[in-house]
Amino acid sequence: MELKLAWRLFKRELSQGQLLLIILAITLAVLSVTGLASVSERLQLAINGQASKFIAADRIINSPKKIDPAVLAIADDIGLSRVTSMQFNSMVYAGDEFQLVTVRAVEEGYPLKGNIELSTGVTQGLPSADSIWFETRLGGLLGYPKQIEIGNASFGLSKEIVRLPDAGFNPFASSPVVLMRIEDVDKTQVIQPGSRVTYLYQFSGDSAKLDTFEQQAKPLLNTSQRWVDVQSGDSPIASAVKRAERFLLLASLLGIALACAAIGIAAQRYCQRHYDVVAMLKTFGASAKQIRVLFGTHLLLVTAVGVVLGLVGGFGLDRAITSFLPAEIAAYSPPVSRPILLGIGTGFISAFMFSAYPLMRLLAIPPLRVLQGHLEGLQLGMWLHLLLSLTAMAILGYLYSQSLPLTLTVVAAVLLLGLLLSVLGFFMIRLGHSVGMKTTNPLQLALAGLRRRARQNAVQLVGFSSALVLLLTIFALRQDILNEWQKQLPENAPNYFLVNIAPEETNAIADFLKPHVKVPPVIYPVIRGRLTAINDEVLISSEQKKAGEEGRVGISRELNLTYRDSMPENNEIISGSFNQDINDVSVESGVAERLGLALGDSLTYTIDNQTLTVKVASIREVHWETLQPNFFMIFTKEALAPFAYTSMSSFHLEDSQRSVILSLIKQFPTVSIIDVGAMVMQLRQIIEQVSLSLTLVMVLVLLASALVMIAQTEAGMASRQRELAVLRTFGASGWLLRAATGLEFALLGTIAGVLAVIVAEFTLYLLKTQVFELNVYMHWPWWAIAPLCGGLVVASLGLWRCRQLLNKSCGELLKAH
Amino acid sequence: MDVKQGESVAILGPSGSGKSTLLGLLAALDSPSQGSILLDGVALETLNEESKAALRKQKVSFIFQSFMLVDTLNALENVMLPAELAGIPNAKDKSQAMLERVGLSHRLNHFPNQLSGGEQQRVAIARAFICEPKVLFADEPTGNLDSANSDKIADMLFELNRESDTTLVLVTHDMVLASRCQRQFMMDSGNLTEKLSASADDVLDETIAEEASSWS
C-alpha cells in the first residue's frame with residue numbers, strides 16, 4: 001500500500017514539476033561524473049596512445065636475461081601483440097676503422113607503436129637479413145664503408161636512421177645505434193654467457209587487456225626485470241601525462257563536490273515541502289514504518305529518474321565534446337562500464353547520504369504540527385549532516401579518483417568552507433538584531449533582507465561559493481600546468497646536442513655556432529668517474545649486497561661529472577649553498593635521497609685511477625624533463641682541473657638552418673651530433689592535445705557551476721514573495737524593490753566571492769604541495785576580481801530569477817501567497 | 001470532561017485559551033504531562049507514539065481549519081489516503097461514494113488548488129468519514145469559509161455525524177456552530193467549564209462581552 005502511495009505521490013509531483021530541482025541536481029551530478037569520466041578516459045587513452053609511441057609499445061618488460069616463456073604465454077593468451085628485441089654494445093669494424101655502437105636487434109613487427117624514421121622518410125619495414133641500418137653519425141665516423149663486421153658476421157650498411165621511436169633521450173649515450181634483425185645476432189657470436197645484454201619485450205593491445213596482463217605477469221617478474229609503461233618516468237612526457245590525468249581527476253572530483261552541494265540543497269527543500277504531508281499522514285495514524293517505506297520509495301524513484309537522465313545526458317555530453325576533439329583523440333573509445341557505474345554510484349550515494357539528515361527530520365515531524373503550524377520535531381545537530389555529507393563526498397571522491405591526497409584535499413576544502421560559513425552565519429545573525437526594517441533606502445532593505453533570510457542565505461552561499469571555488473581552482477591549476485609545460489619546452493628548446501667535444505675544439509665550436517643561434521650555448525665539460533666511498537665507507541654494488549655482503553650501496557656505473565662556477569639554469573638549490581669551496585660538490589636531490597646523502601658528507605671518487613674527495617655543499621633539484629644537459633654531480637673547476645675531459649652542449653636551430661649542421665659535421669668530424677628535434681615536436685604535440693583537454697574540462701566546469709548557481713537562486717523564493725507582497729502593499733516602489741533585491745543578491749555574491757578566494761587559495765596550496773608539485777604563490781588580483789564578479793553574476797542571476805515576482809502587482813502577489 | 005459515544009461536543013474559548021492543546025491531547029496527537037485521558041476505554045498516557053498512531057488509525061479522524069489536503073494529490077486520492085493507510089479494501093470505490101455524498105462526484109480528479117475553499121473542506125469531510133471513525137475531531141472546520149459555505153459544511157458535518165453515530169468534538173469560535181452541538185464547553189486560560197443548557201444566544205452574548213473586554 002505504501003509503495004502504491006509512493007508511486008502515486010511521485011507521479012503527481014513529477015507531473016506538477018515539484019521534483020524538478022532535486023531531479024535536476026541528481027541529473028547534474030550523474031551527468032558530470034559520467035560525462036567527465038568518459039571524456040577523461042578517452043583523453044587518457046589518447047594521451048597514453050601518443051605517449052606509447054615514445055616507447056614503441058604500450059608496455060615493456062626489460063630484462064638482463066631471457067624471461068620465463070610463461071610470461072609471454074600469458075600475453076599470447078590475452079591476445080596482446082608482442083615483439084622481442086635485444087640491445088647490447090659492441091664494436092663494429094670497417095677495415096682499419098672501428099667504433100663502439102649500440103646494437104638494437106629487433107623482431108619482425110617492431111615497432112609496435114610509432115615509426116622508424118630513415119633519411120628517406122618513414123618506413124614500415126626492417127633491415128633485410130645480413131644488413132644493418134645505421135645512425136647517420138656512424139657513417140661519418142667510419143667513412144661510409146659498404147660492409148662492416150660485428151663479431152664474426154659481416155653486414156651490409158644499408159639505410160640511414162634518423163630516429164628510432166624508442167630511442168629515448170640520453171645525450172650521454174654517445175655510441176651510435178645500429179638496427180639489425182634479431183635472427184642475425186647468433187651469427188655474430190658476440191653474445192656469450194655473461195655478456196651484458198638487455199632483452200626488451202614490448203607489448204601492445206587495448207587497455208583492458210594490458211591491465212589483465214599487468215595483473216598476471218607483473219608478479220612473475222624478478223627484481224632484475226623491470227616493468228615499463230608510458231608513465232614509468234623513463235619518457236620525458238611521463239610527468240606531463242601524470243599531471244594532466246590528475247588534473248582531469250581533480251576537475252571531476254570538484255564537479256562531484258559541486259553537484260553534491262546542489263543535491264544537499266535540493267534534498268533539504270524536498271523534505272521541507274513534505275513536512276505537512278508527513279504530519280497529516282501521522283495524524284491519520286500512519287505508522288513510522290509506513291512513512292519510512294513511503295518516503296524511502298519516493299526518494300528512490302526520484303533518484304532513479306535523476307540517474308537515468310544523468311546517464312543519458314552524460315553520454316550526450318561525451319558525444320558533444322568528442323565531436324570537438326581532433327580525430328586522433330576521438331578515435332579512441334574507452335569502455336563505457338566505468339563511467340556508467342560511477343554515474344549510478346554517484347547518483348544513489350549522494351542522493352541518500354545528502355538526504356539522510358533532512359529525511360530524518362522529515363520522519364520525525366510530530367503529528368501535532370497539524371494543529372500548531374510551525375512545529376518541527378527532531379533538532380539533531382548540523383554536525384551530523386556535515387558528517388554524513390563529508391562521508392558521502394569522501395566515498396565518492398575516493399571511488400572516483402582512487403587517490404587519497406586528492407580526496408583529502410577536497411574534503412579539507414569543504415571543511416574550510418563549512419567553517420567559514422558557520423562563522424559568517426553566526427555574525428550575520430548576531431548583527432541582525434540591531435537594525436529594523438527600513439523601507440526607504442534600498443541598501444538597508446537589502447541588508448535587512450540578508451539578515452532575515454540568514455539561514456537560506458547560508459544555504460545559497462554554499463552553492464555560490466563552492467561554484468566559485470571550483471572555477472578559481474580549476475582556472476589557476478590549468479594555467480599553472482600550461483605554464484610549467486611551456487617552461488619545459490620553450491619555443492627555443494634545444495633540438496641538437498653535441499657530445500665528445502675535445503677541449504681544444506670548445507672555443508672553435510662556440511665561435512662556429514655564434515652567428516647561427518640566438519642564445520649562446522652553454523658548454524659543459526664532462527669527466528667520467530666512479531663514486532667509491534661515502535664518509536670513507538667503501539661502497540658496494542647492489543649485486544654484492546644481494547650476495548650477502550655488508551656495506552653501503554653505491555652507484556655501480558660511472559657517472560658523468562661536470563664543473564661550473566654558477567648554478568645551471570632550471571636547477572634549484574634545495575639546501576646548502578652552491579660550490580663555495582674548492583672541494584664542494586652539488587648533488588642532485590634524487591641521487592642524494594637514494595644514497596642517503598646529507599650536507600657535509602664526504603664523497604670519494606675514482607677518476608683516471610686517482611681519488612678525489614669532496615664535501616656535499618648543496619643539494620639541487622633538477623628538472624629532468626627540460627631538454628638541457630643535466631648532471632647528478634657538479635664540482636668546482638679547481639677540483640676537476642687535473643683530469644682529462646670532453647665537452648657537451650645543446651642548442652636550438654631553426655629547421656631552415658639544417659645546412660649549418662652539415663658544415664658542422666664537416667668542420668668537426670669527431671664531434672657527435674644528436675638531433676632531438678623530432679622528439680621535441682612530438683612532445684609539443686602531446687602537450688597541445690593535453691592543453692586542449694584541460695581547456696575543455698574547464699568549460700564543462702564553468703557550465704556546471706552556472707547550473708548550480710541558477711538552481712541556487714530558487715531557494716528562498718517563497719519567503720521572498722511573501723515579503724515583496726507585504727512591501728508592495730505598504731507602498732514600496734518597484735524601483736526600490738528591484739534595487740533592494742539586486743543589492744541583496746549582489747552582497748551575497750560578494751561574500752561568496754571572498755569566501756571562494758580564501759578557500760581556493762587554501763585548496764591550491766594543498767593541491768600544489770601534495771598532488772601536483774607546482775610552485776605555490778598567492779593570486780592577489782583574485783581578491784578583488786572574485787568578489788566583484790561574484791556580486792555581478794549573482795545579482796544578475798537573482799534579478800533574472802525574481803523578474804516575474806518583481807513585475808507582479810501586489811494583488812497577484814497576495815493571491816499567489 | 002466525559003463525552004459519550006455519539007455525542008457532539010463544542011469547545012469554545014478565546015484565542016490562546018488552550019483549545020487546540022486540549023484537542024491535541026484528546027486526539028492522541030500529544031501526550032499529557034499529568035492526568036489521564038481515556039479514549040474508547042484506552043488510557044492515552046500509557047501509549048507510545050506507535051500505539052497512539054495505531055489508535056488514531058482505527059478510531060479517530062480529523063477536520064482542520066486549513067483543510068490539510070495534500071496539494072499534489074487530487075480529490076479522490078486525498079480521500080483514499082487514510083483508507084489506504086488503514087488497509088481498507090475497495091478504498092477507491094468507497095472514496096468515490098463518499099465524495100458523491102458530499103456532492104463532489106464531478107470533481108474527483110481536481111487538485112486542491114482547483115477547488116474552492118468550501119469544496120476543499122468537503123473533500124476533507126469525505127476524507128474524515130472514509131474510515132468510519134468512532135471519534136471525529138474538528139478544529140475550526142468553518143474558520144476559513146464564508147457564511148454560505150460555512151452553513152453548508154456544518155449541515156454536512158452534522159448530518160454525516162448523525163448517520164454514522166460518530167462522536168464529534170469540535171473546537172470553534174463560531175457560536176452558531178457551537179450551538180448546534182449537544183454540549184458546549186468553555187475554555188478560559190486553561191480552565192474548562194461546561195455551559196449547561198445554554199442557548200446559542202447566551203453563548204453569543206458572553207463571548208461578545210468577553211471580546212469587548214479584551215479589546216478595551
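Chain B has eight helices and eight strands, where helices (H or I, at least four residues) and strands (E, at least two) are DSSP runs numbered from the N terminus. Residues are numbered from 1 along each chain as its sequence is written, chains are lettered from A and ligands numbered from 1 in the order in which they are written, and side-chain values use heavy atoms, with hydrogens and water left out.

**Confidence**

- For the complex, the predictor gives an ipTM of 0.85 and a pTM of 0.68.
- Chain B has a mean pLDDT of 84, and 91% of its residues reach 70 or more; pLDDT is the predictor's confidence in each residue, from 0 to 100.
- Take care with residues 209–216 of chain B, where the pLDDT is below 50. Beyond near neighbours in sequence, this stretch has two contacts in the model, a contact meaning heavy atoms within 4.5 Å.
- Where pLDDT is low, the predicted coordinates should not be read in detail.

**The two chains in numbers**

- Of the 817 residues in chain A, 53% are buried; buried means under 20% relative accessible area, exposed over 50%, and partly exposed in between (1.4 Å probe, protein chains only).
- In chain B, buried residues make up 52% of 216.
- Chain A exposes about 36000 Å², with carbon and sulfur atoms supplying 59% of it. Such areas come from the Shrake-Rupley method with a 1.4 Å probe; for residues, only the protein chains shown count as cover.
- Chain B exposes about 9800 Å², and here carbon and sulfur atoms supply 48%.
- Among contacts in chain A with a separation of 6 or more, residues 24 or more positions apart account for 81%.
- For chain B, 71% of the contacts between residues at least 6 apart in sequence join residues at least 24 apart.

**Nonpolar cores**

- The largest nonpolar core has 158 residues. A nonpolar core is a set of buried Ala, Val, Leu, Ile, Met, Phe, Trp, Tyr and Cys residues joined through side-chain atoms within 4.5 Å.
- The residues with the most contacts inside this core are A:Ile22, A:Leu281, A:Phe295, A:Tyr400, A:Phe772 and B:Phe137.
- Helix H7 (residues 238–273) of chain A gives this core its largest share, 19 residues.
- Apart from this core lies another, of 42 residues, among them B:Ala10, B:Ala83, B:Ile130 and B:Leu145.
- Leaving aside neighbours within four places in sequence, A:Phe772 is in contact with A:Arg243, A:Arg246, A:Phe247, A:Leu250, A:Leu477, A:Ile481 and A:Leu767.

**Around helix H8 of chain A**

- A:Ala279 sits in helix H8 of chain A and is buried, with a relative accessible area of 0%.
- Setting aside residues up to four places away in sequence, A:Ala279 touches A:Ile365, A:Pro366, A:Pro367, A:Arg369 and A:Val370.
- Although A:Ala279 and A:Pro366 are 87 residues apart along the chain, their C-alpha atoms are separated by 6.0 Å.
- A:Gly285 lies in the loop between helix H8 (275–283) and helix H9 (288–324) of chain A, and is buried at a relative accessible area of 1%.
- Not counting residues up to four places away in sequence, A:Gly285 touches A:Gln290, B:Ala53, B:Arg56 and B:Lys57.

**Two helices of chain B**

- Helix H2 (residues 49–59) of chain B has B:Lys52, B:Ala53, B:Leu55, B:Arg56 and B:Lys59 buried. Seen down the axis of H2(B), these buried residues fall within an arc of 160°, so they line one face of the helix.
- Cover for the buried residues of H2(B) includes H8 of chain A, together with strands S2 (38–39), S3 (42–43), S4 (60–63) and S5 (135–139) of chain B.
- In helix H3 (residues 75–85) of chain B, 11 of the 11 residues are buried, so this helix is largely enclosed by the rest of the structure.
- Just after H3(B), B:Gly87 takes a positive phi of about 70°.

**Cysteines**

- A search of the whole structure finds zero disulfides over all chains, a disulfide being a pair of cysteine sulfur atoms within 2.5 Å.
- A:Cys271 counts as buried at 1% relative accessibility, and B:Cys181 is buried at 5%.

Key:
Predicted model: local features only at pLDDT ≥ 70, side-chain atom pairs only at ≥ 80, totals over all residues. Arc of directions from axis to C-beta.
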